Amino acid sequence: MARHSVIDGTAPLGVVIVGAGFIADHHGAALRASSRARLAGIVDVDAGRASAAATAAGGVPWTTDLAAALARPDVGAAIVCTPNVTHEPIALQIAAAGKHLLMEKPLTITAPSARAVVDAFDAAGTVVMAAHTHRFYDYARAVDDAIAGGAVGRPVFARLALLGGWIWPDWRAWVLDPAKSGGHALHNGVHLLDLVSWWLRDEPVSVYARGRAQTAAELRIHDYLEMHVEYARGADAVCEMSRGHRPSTLDRRDVLIAGTEGVLQLPADGWGSTVVTESGTSLLHPQAANGFAVQLDAWLDAIADPRAERAMTPADAVRAVALGVATELSIERGEPVTLDEVMEGVRR
Amino acid sequence: MSEGTLGVLLLGFAGLGPDQDHQQDMYLPAFGTHDGFEVVAAAGTPGDAADQAAAERLAGKLGLPAPAADLDAALADPAVDVVSVCAPPERRVDAVIAALRAGKHVLVDKPLALTAADAARVAAVAAESGTVCLPAHHQRFHPMIAAARGAVAGGKVGLPWNVQADFLVAGGTPSPAGELANFAVYPVDVVLALTGLRVRRVYARLSTYWTDGGADDFALLFLTHENGLTSTISIGRTRELADTRPAGLAVHRYRVSGSHGVLDIDASRPAVVLRRAEASSQTWHGAGTVDRLLDELHAAVSAGRPSSPSAADAVHIAEIVDAARTSGVSGHPVDLRSDQEGSR
Ligand SMILES: NC(=O)c1ccc[n+]([C@@H]2O[C@H](COP(=O)([O-])OP(=O)(O)OC[C@H]3O[C@@H](n4cnc5c(N)ncnc54)[C@H](O)[C@@H]3O)[C@@H](O)[C@H]2O)c1
């Protein structure tokens, strides 16, 4: 991976963060640690949040007007961390301004709009990448390395579970409103749907999913999702995404891949140290690469050389959205839903 | 025979594959070491010459009387209390029904029947006869699973709402009937025993990944149970693996999520793990799952009560397997009839 060095004289890319909420901090930290890019400003519809984040970042400029930020010549790109429903219009505005974009997942919440966003960046000749951060975590890369090395032959069955308890605030959280988040499949399900599709190196053809409002019957999203994906060459994936488990401290990653030549497992209890204290037992995560920093580098690589092979392509981002949409539809119908149906009239 | 010892007739020496003989590989050794049973006779399945030859050989080897001329004669033997049936699948149901009608208790190799309709015929006769008809779903007696059943029933995780299970065997001879027919009864029985909730809806995927033949060697079952509990079960036979004995379980686990907690059951434990120059292996002491299955058989016969699992449980599992087959072909979920509530 080509890293910028101080001596080659290239000015670091100026990046604005749009949406100064929870996940923006992680991107801000990655930018601070990078020599190839710098935080050039903060945009948020909420002036209080924008100014507070700008101050915390050492006094960078802030604004509530995205157009004004994009008009700045020292701003070459944006990282967008706003609620999912706003992704489409914000992305189109950034493409029109001729800037690069790292969009928090999901790229958008419908398949046609995801395609439209990708087309807009193609037309502008700038880079768009969706932040499917799990691809950049050590555990996911370890699994991918093993598969790439042929360790299990052709992978035919993948199981991935990310299980936890409640992390969202109260009923006012936009995530709980399907109109704003697209539903849990688009909000978090896409992480897993993207990861297993990447691991399996195959194209999804249909999804059968079941969902559950576990924490409260009144939830309009499914805080527990069980998603089965069938692939073109016959492989299967079973993904579970949960924010509905008890105890709420549960933090579980479980990976099982069966291939024609072997079996690969990340045991649920096998990737951290167990800490037993007066207040209970917990898992101490191992030191690991910062996934947000690795992701930032992958995005900067794509900007530096748009023709080079990408860690996460625009087509991957569209596919993840389509899988999320298929999941929500399948839960509603109680039947499998094909990607063909979801992508009807949408170029892949 | 001492008081309380039950005389056993070994009937049939076949299974769901050319080299499958659970009678001699599993049940005979377990009967041999169990205090409550004594093998008193062997017989081949009527109409199956190879099976009858196997019975003759075994009788000679064990010093048992020569196998009876026909099944009626074998079942008329008053020394026989229990018939252990491993008749070939297509003749199994008739053999079990004959044994039940003769007033004998029956242990049946899995699967009890290849279709739900056949299983229901057995269950109806078992209900009439009042004798024990125990399908050999022995994995529910695994020490990790048996303890978990108690924990769930005792409310340890609150109200269960989801179960995830993997039952992946490595190596051994693929079943020509497919691994859905061959293995599904085990994890499905465990999930039913853990939750006590019948299945209402089945969606399934059947694939062939490791064998050249046409039979499935991988199945995914997505089950929707009463009270909205969902379960997902993977079943398969992968290629052989260095650390798993041929036809041994490479992955065998269950996760039960409940309203108040999570229970992880790893059925590769309890184990002492041995590491040497060759692949590592595991060992443990104490009664195995088949020994515990025989404990249940003996207890049910002695108490004059139906066994658990019962023939009715096998019917429900056969319904699920039938539905999985239908769903695998159609690509759509299949709803089960819910008119069987009384048979629980
Ligand atoms: N990659 C990951 O692991 C990960 C984790 C959590 C969230 N996310 C994603 O990050 C995004 C943000 O999630 P969050 O949890 O940080 O949300 P948040 O609610 O904490 O923050 C959202 C911020 O966006 C601002 N905002 C809303 N509409 C805006 C608009 N039109 N223009 C500018 N600012 C606007 C809000 O005022 C708020 O400050 C979502 O797309 C979410 O899916 C990704």
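Author: Helices (H or I, at least four residues) and strands (E, at least two) are DSSP runs, numbered from the N terminus. This is a predicted model, in which local features need pLDDT of at least 70 and side-chain atom pairs count only at pLDDT 80 or more, while totals for chains, interfaces and linings use all residues. Residues are numbered from 1 along each chain as its sequence is written, chains are lettered from A in the order in which they are written, and side-chain values use heavy atoms, with hydrogens and water left out.

Reader: What are the helix and strand percentages over residues 141-264 of chain A?

Author: That stretch is 23% helix and 36% strand, with its end C-alpha atoms 13 Å apart. UniProt, in an unreviewed entry, lists residues 141-264 of chain A as "domain: GFO/IDH/MocA-like oxidoreductase"; such annotations may be inferred rather than shown by experiment.

Reader: How many residues does the contact take from chain B and from chain A?

Author: Contact means heavy atoms within 4.5 Å, and here 38 residues come from chain B and 38 residues from chain A. Buried area is the accessible area (1.4 Å probe) that two parts lose on being put together, summed over both; between chain B and chain A this is about 3,100 Å², with carbon and sulfur atoms giving 50%. B:Trp161, B:Arg205 and B:Tyr209 supply 21% of the area that chain B buries against chain A, more than any other three residues.

Reader: How many salt bridges does the rule find across the interface?

Author: A salt bridge is a side-chain nitrogen of Lys or Arg within 4 Å of a carboxyl oxygen of Asp or Glu, and the rule finds seven between chain B and chain A. Among them is A:Arg252 with B:Asp264 (2.7 Å, N to O).
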